[in-house]
Amino acid sequence: MPEARSSCQDLTRWKKKQPVRRTVSQICPPPRRPLTVADIRPGMENERLGVVRDSMFQNPLIVKAELGKPRERSCSLPGINFNYGLYIRGLDGGVPEAIGHWDVFKQQPTCPHELTRDYIAMNRGAVKAGLVTARENFLYRQLNDIRISDQDDRRLRRELPSLPPNMTFGVRARPSTPFFDLLQHRYQQLWVQEQKATQKAVKLEKKHKVILGKLYETRSSQLRKYKPPVELGALWHMPHFQKVGPHLDTFPTEADRQKAFKAHREEHAVRQGTLRMGNYSHP
């Protein structure tokens, strides 16, 4: 008995360890069919009062989604035995017909090659006959339909140019990108060298350029260099202070004093202010 109990326990443990196999309908359940009056239970979201029809539950604007469930589809689906897709009926007999005999393609009779018209000969004949209008030429071509023979047609056709046997047709492949030149800034170096060479050539051209003739001063150039004279008027002093000398002299020598006053007089014309000392000077 103890051995039987142990064997039963092992069997139950083995069954528990085995994975539960699920069917295809459990893994991929079929789409939910539309609701009907028989599916409605008290307390459901789609419960209605009054007259209730099945068509009410096929309108997506009226049907409500149940709590914790996906929305019902409003379109009815065919039965289980319905096959989706297009069924093509075999008309060739299937595999037995293919194994039994072999259909051979029958070559269709080719129509004779139509020769091209010789318009040069027909126009020449029409001119010799004295026909010049379009109507007369049309009637003449209907009566005298001249065609070019095969031999003449072959002679007039241009022969194809002879191509070498190792000729490759198509578009050439784009050359590979020079990554090493890009990483080393090779194109930048070449551009800098070209710019330096261009500047050097321009400098040499300016150096060897010969100035023809003599440059003459024009009125505008003379006025640009002209400095208007400044009239220095004596400052007004009170009569009893005219003979009084200065009490403070900041110049070390008289030459420095005259030099400073001379520079002030030269800049007097372009300076602003009451005393011509600048914009921010006060009297």
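## Asn 46 in the H2–H3 loop

Asn 46 sits in the loop that runs between H2 and H3. The model described here is a predicted one. Is Asn 46 buried or exposed? Its relative accessibility is 1%, and Asn 46 therefore counts as buried, the cut-off for that class being under 20%.

Which residues does Asn 46 touch, once its neighbours within four places in sequence are set aside? The contacts are with Leu 35, Ile 40, Phe 57, Ile 62, Val 63, Lys 64 and Glu 66.

Val 37 belongs to the loop between helix H2, residues 24-27, and helix H3, residues 94-100. With a relative accessibility of 38%, Val 37 is classed as partly exposed. Apart from neighbours within four places in sequence, Val 37 has contacts with Val 52, Arg 53, Asp 54 and Phe 57.

Met 56 is 19 residues from Val 37 along the chain, and their C-alpha atoms are 9.1 Å apart. For Ser 55 and Val 37, the separation is 18 residues in sequence and 9.4 Å from C-alpha to C-alpha. Ser 55 is itself in the loop between H2 and H3. Its relative accessible area is 44%, so Ser 55 counts as partly exposed.

Helix H4 spans residues 119-128, and its buried residues are Ala 121, Met 122, Gly 125 and Ala 126. Why do these buried residues line one face of the helix? Viewed down the axis of H4, they fall within an arc of 135 degrees, and so they line one face.

After H4 comes Gly 130, which has a positive phi, near 85 degrees.

## Packing of H4 against H5

Two packed helices are described by the angle between their axes and the distance between the axes. For H4 and H5, the packing angle is about 120 degrees and the axes are 10 Å apart. The two helices are therefore oblique to each other, as the roughly perpendicular class covers 65 to 115 degrees and the roughly antiparallel class starts over 145. The crossing of H4 and H5 is right-handed.

Which residues of H4 meet H5? From H4 they are Tyr 119, Met 122, Asn 123, Gly 125 and Ala 126, and on the H5 side they meet Asn 137, Tyr 140 and Arg 141. Sorted by class, this contact comprises 4 nonpolar, 3 polar and 1 charged residues. Met 122, Gly 125 and Ala 126 are among the buried residues of H4, and these three also take part in the contact with H5.

## His 185 between H7 and H8

His 185 is located in the loop between helix H7, residues 179-183, and helix H8, residues 186-207. What is the phi of His 185? It is near 55 degrees, a positive value in a residue other than glycine. In general, most residues other than glycine have a negative phi. His 185 has a relative accessibility of 48% and so counts as partly exposed.

## The protein as a whole

The secondary structure consists of 10 helices and 0 strands. Along the sequence the pattern reads α-α-α-α-α-α-α-α-α-α. The protein has 283 residues, of which 7% count as buried; Asn 46 is one of the buried residues. Taking contacts between residues at least 6 apart in sequence, 34% join residues at least 24 apart.

Note on methods. Residues numbered from 1 in each chain as written. Predicted model: local features only at pLDDT ≥ 70, side-chain atom pairs only at ≥ 80, totals over all residues. Heavy atoms only, no water. Buried < 20%, exposed > 50% of the residue type's maximum accessible area, 1.4 Å probe, protein only. Helix = DSSP H or I, 4+ residues; strand = E, 2+ residues; numbered from the N terminus. Arc of directions from axis to C-beta. Axes fitted to C-alpha atoms, helices over the stretch in contact; angles between N-to-C directions. Parallel < 35°, antiparallel > 145°, perpendicular 65-115°, else oblique. Left-handed = near helix turned anticlockwise from the far one by under 90°. Contact = heavy atoms within 4.5 Å. Nonpolar A, V, L, I, M, F, W, Y, C, P; charged D, E, K, R; others polar.
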